[in-house]
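Please read this briefing alongside the sequence and the structure shown below.

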Amino acid sequence: MSMMTLDIYNNLKQTPLHLAVITGQTEIVGKLVSAGASSNVPDRNGHTPCHLACQRSYVNCLEKLVMESKEVNLELKNYNGFTPLHEAVLASCTRSVKCLVENGANINSKDGKSGRTPLHHAVETENTDIIAELLKYGANPSEPSFSGNTPIQIASGRGMQTIRQILENTAKGITVEDKQMCSKQPQPDMLTSGYENFPDLVEGVFSFTNALN
């Protein structure tokens, strides 16, 4: 029994854990992980079970993988250069993003090909829900890719004015709550156009006019 392994490959270089995730069998995923199956083994495309769970938005499977596996590595990249967090963003799954970040995934991890962070990819797809989720957990809107482009520059260059404003405010440390509070601050009273509220001034004007006459 000491020589047995649960990480045996099939002809597609998939382990039983890969297959359990692909078929969405959450209970089997949990049993395999508890029995020692590795969550870090790549298939022929470099996908770990976590990558596959994120691609398919199988959040329950992902939770089993990251919460019950003691040695799960959330920074492993597939052959496209993506971490599981990149895949979660591309799949537009906020629950997967939350699960990964709360279990230690690097929010500003750069992909292996272009150096784009998950926030770069979220901005490019104009996914405001994912952008908000990433910013909530500390994603850096000023982080450059390998070519030097930041998420703010991407939004600006593509005419995404609302997204650009959100990113710029975040970069300056201004939150949505801060803006709402500023808008609720009492404004100074404006001077009225009439003279009825300034009797002393009116009397002085008439006195000066009479003196001239």
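Predicted model: local features only at pLDDT ≥ 70, side-chain atom pairs only at ≥ 80, totals over all residues.

Residues are numbered from 1 along each chain as its sequence is written, and side-chain values use heavy atoms, with hydrogens and water left out.

**Helix 4 and helix 6**
- Helix 4 (residues 59-68) packs with helix 6 (residues 94-102) at an angle of about 5°, and their axes lie 10 Å apart.
- Helix 4 is therefore roughly parallel to helix 6, a term for angles under 35 degrees.
- Helix 4 contributes Val-59, Asn-60, Leu-62, Glu-63 and Val-66 to the contact, and helix 6 contributes Arg-95, Ser-96, Cys-99 and Leu-100, where contact means heavy atoms within 4.5 Å.
- These contact residues divide into 5 nonpolar, 2 polar and 2 charged.

- Ser-96, Val-97, Cys-99, Leu-100 and Val-101 are the buried residues of helix 6, buried being under 20% relative accessible area with a 1.4 Å probe and protein chains only.
- Helix 3 (49-55), helix 4, helix 5 (84-90) and helix 8 (128-136) are among what covers these buried residues.

**Second largest pocket**
- The second largest pocket holds about 180 Å³ of space, and its lining includes Val-33, Ser-34, Asn-40, Glu-68 and Lys-70.
- By class, this lining has 2 nonpolar, 6 polar and 3 charged residues.
- A pocket is an open set of points on a 1 Å grid where a 1.4 Å probe fits, with protein on both sides within 12 Å along at least five of seven lines, and lining residues have an atom within 4 Å of a point.

Conventions. Points joined across faces, edges and corners; volume = space filled by probe spheres on them. Nonpolar A, V, L, I, M, F, W, Y, C, P; charged D, E, K, R; others polar. Axes fitted to C-alpha atoms, helices over the stretch in contact; angles between N-to-C directions. Helix = DSSP H or I, 4+ residues; strand = E, 2+ residues; numbered from the N terminus. Parallel < 35°, antiparallel > 145°, perpendicular 65-115°, else oblique. Buried < 20%, exposed > 50% of the residue type's maximum accessible area, 1.4 Å probe, protein only.
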